[in-house]
Amino acid sequence: RTYSLPAIVLMSAQFVQVISRLQTAPGPSERKNILLALTGHVLTCHQLGMVLMNLKYSAERVSAASMLALQVVDPENAVSHLLPYISWEEHSTREEILKACAGR
C-alpha cells in the first residue's frame, strides 16, 4: 500500500492523548478537528475502534470511519477488531462503518 502523505505511526502515549482529547472535547466541531489531525497518521482497526467508541453520536462515528478509513493499515481486521467497539450501534450504522473501513 502507498500513502500520499508520509505515514506516521502514533506512539501509545500519543494515542492515549488523542483519546483523552476526544473524551473532553466540548462538541462535534472540536472532535472533528481532533480527527482531522489524525489524517496524517496510520491507525490499526483496534485504534480506530477506540476512536469511534469515544465519539458521542452515530453520525460522528460514521463520518470518522469514512474520514480515517484510508489510514487503517489492517482493513482485513475491520470486522473482528471494530465490531466490539460498535456492537451496540443500530445494524445499519454498524454496516456503514464496516463498509467504510473494509470496503474502501
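Me: At what angle do α4 and α6 pack, and how far apart are their axes?
Reply: This is a predicted model. In it, α4 and α6 pack at an angle of about 15°. Their axes are 8 Å apart.

Me: Why is α4 called roughly parallel to α6?
Reply: The label covers angles under 35 degrees. The angle here is about 15°, so α4 counts as roughly parallel to α6.

Me: Which residues make the contact between α4 and α6?
Reply: From α4 come Ser 58, Arg 61, Val 62, Ala 65 and Ser 66. From α6 come Thr 93, Glu 96, Ile 97, Ala 100 and Cys 101. The crossing of the two helices is left-handed.

Me: Which residues of α4 are buried, and what covers them?
Reply: Helix α4 spans residues 58–68, and its buried residues are Glu 60, Arg 61, Val 62, Ala 64, Ala 65 and Leu 68. Their cover includes α2, α3 and α6.

Me: What makes Asn 54 count as buried?
Reply: Buried means under 20% relative accessible area. Asn 54 has 15%, so the label holds. This residue is in the loop between α3 and α4.

Me: What does Asn 54 touch?
Reply: Leaving out residues up to four places away in sequence, Asn 54 touches Ile 19, Leu 22, Gln 23 and Arg 31.

Me: How do you know that the side chains of Asn 54 and Gln 23 make a polar contact?
Reply: The cut-off for a pair of N or O atoms is 3.5 Å. The side chains of Asn 54 and Gln 23 make their polar contact at 2.9 Å, which is within that limit.

Me: Is Pro 28 buried, exposed or partly exposed, and why?
Reply: Pro 28 has 43% relative accessibility, so it counts as partly exposed. Pro 28 lies in helix α2. Beyond its neighbours within four places in sequence, Pro 28 is in contact with Tyr 57 and Glu 60.

Me: Which members of the largest nonpolar core touch the most other members?
Reply: They are Leu 22, Leu 35, Val 51, Leu 52 and Leu 82, out of 27 residues. Helices α1, α2, α3, α4, α5 and α6 each supply at least two residues of this core.

Me: What does Leu 35 touch?
Reply: Not counting residues up to four places away in sequence, Leu 35 touches Leu 22, Val 51, Leu 55, Ala 64, Met 67 and Leu 68.

Methods
Residues are numbered from 1 along each chain as its sequence is written. This is a predicted model: local features need pLDDT of at least 70, side-chain atom pairs count only at pLDDT 80 or more; totals for chains, interfaces and linings use all residues. Side-chain values use heavy atoms; hydrogens and water are left out. Buried means under 20% relative accessible area, exposed over 50%, partly exposed in between (1.4 Å probe, protein chains only). Helices (H or I, at least four residues) and strands (E, at least two) are DSSP runs, numbered from the N terminus. Contact means heavy atoms within 4.5 Å. A nonpolar core is a set of buried Ala, Val, Leu, Ile, Met, Phe, Trp, Tyr and Cys residues joined through side-chain atoms within 4.5 Å. A polar contact is a pair of N or O atoms within 3.5 Å; within protein, one must be able to donate a hydrogen and the other to accept it, and residues adjacent in sequence count only if both atoms are side-chain atoms. Axes are lines fitted to C-alpha atoms, for helices over the stretch in contact, and angles run from 0 to 180 degrees between N-to-C directions. Angles under 35 degrees count as roughly parallel, over 145 as roughly antiparallel, 65 to 115 as roughly perpendicular and the rest as oblique. A crossing is left-handed if the near helix is turned anticlockwise from the far one by less than a right angle, and right-handed if clockwise.
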